[in-house]
Amino acid sequence: MSPEHSKFEAVSEALDTLDRGVEPDRAVLRDAVRALLTELSRRTPGRSVEVRIPPFGAIQCVPGPRHTRGTPPNVVETDPMTWLLVATGRLEWDEAVRDGRLRASGIRTDLSDYLPLTPE
């Protein structure tokens with residue numbers, strides 16, 4: 001994951017790039033995704049939900065029953081750009097789910113209460 005001191009620098013850079021109408025560089029997007037996943041796991045420790053952002057990362061978070069084998073019952077999965085937008089509050093969770101840009105299966109997978117992930 002991204003170093004602690006530069007955790008949100010990549011997020012800021014990716015959002016600034018988007019604001020200029022350009023897609024972020026792959027390395028910047030990767031670092032931004034990983035920084036946001038790290039922040040989510042820090043704020044919502046646990047192992048009941050798996051959040052997958054292929055190909056850049058996956059974490060387990062949210063308190064509750066721990067999953068240990070096979071496919072977890074609570075899975076969130078989306079592409080890196082959608083994760084960047086949802087995690088920073090530029091795209092609403094419900095809209096991303098409704099549009100099929102974000103898949104959330106399981107009773108614990110609504111992460112909207114934990115978003116957006118902004119520096120504290």
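These notes cover the fold, core, salt bridges and surface charge of a predicted model.

1. Fold. The protein chain has four helices and four strands. From the N terminus on, the order is α-α-β-β-β-α-α-β. Of its 120 residues, 44% count as buried.

2. Core. The largest nonpolar core holds 34 residues, and V11, L36, L40, V51, W83, L84 and L111 touch the most other members. At least two core residues come from each of α1 (9–19), α2 (26–43), β1 (49–53), β2 (57–61), α3 (80–87) and α4 (93–98). The most come from α2, which gives eight. In soluble globular proteins, nonpolar side chains tend to be buried together.

3. Salt bridge in α2. The count of salt bridges is six. One of them pairs E39 with R43, with the closest N and O atoms 2.6 Å apart. The two sit four residues apart in helix α2, so about one helical turn separates them. E39 is buried at 1% relative accessible area. R43 is partly exposed at 25%.

4. Salt bridges of R52. The side chain of R52 meets that of E50 at 2.5 Å, N to O. R52 also forms a salt bridge with E77, at 3.9 Å. R52 lies in strand β1 and E77 in strand β3 (residues 75–78), so this pair ties together parts 25 residues apart in sequence. E77 is partly exposed, at 23% relative accessibility. Elsewhere, salt bridges with shared partners join E39, R42 and R43 into one network.

5. Surface charge. A patch of negative charge on the surface gathers E92, D94, E95, D99, D110 and D113. D113 falls in the segment after β4 (102–105). Its relative accessibility is 72%, so D113 counts as exposed.

Definitions and conventions: Residues numbered from 1 in each chain as written. Predicted model: local features only at pLDDT ≥ 70, side-chain atom pairs only at ≥ 80, totals over all residues. Heavy atoms only, no water. Patch = residues over 30% accessible without salt bridge, like charges linked within 9 Å, V, L, I, M, F, W, Y side chains within 5 Å. Areas by Shrake-Rupley, 256 points an atom, 1.4 Å probe, with all protein chains shown as cover. Salt bridge = Lys/Arg side-chain N within 4 Å of Asp/Glu carboxyl O. Lys, Arg positive; Asp, Glu negative; His and termini not counted. Charge placed at Lys NZ, Arg CZ, Asp CG, Glu CD. Buried < 20%, exposed > 50% of the residue type's maximum accessible area, 1.4 Å probe, protein only. Core = buried A, V, L, I, M, F, W, Y, C linked by side-chain atoms within 4.5 Å.
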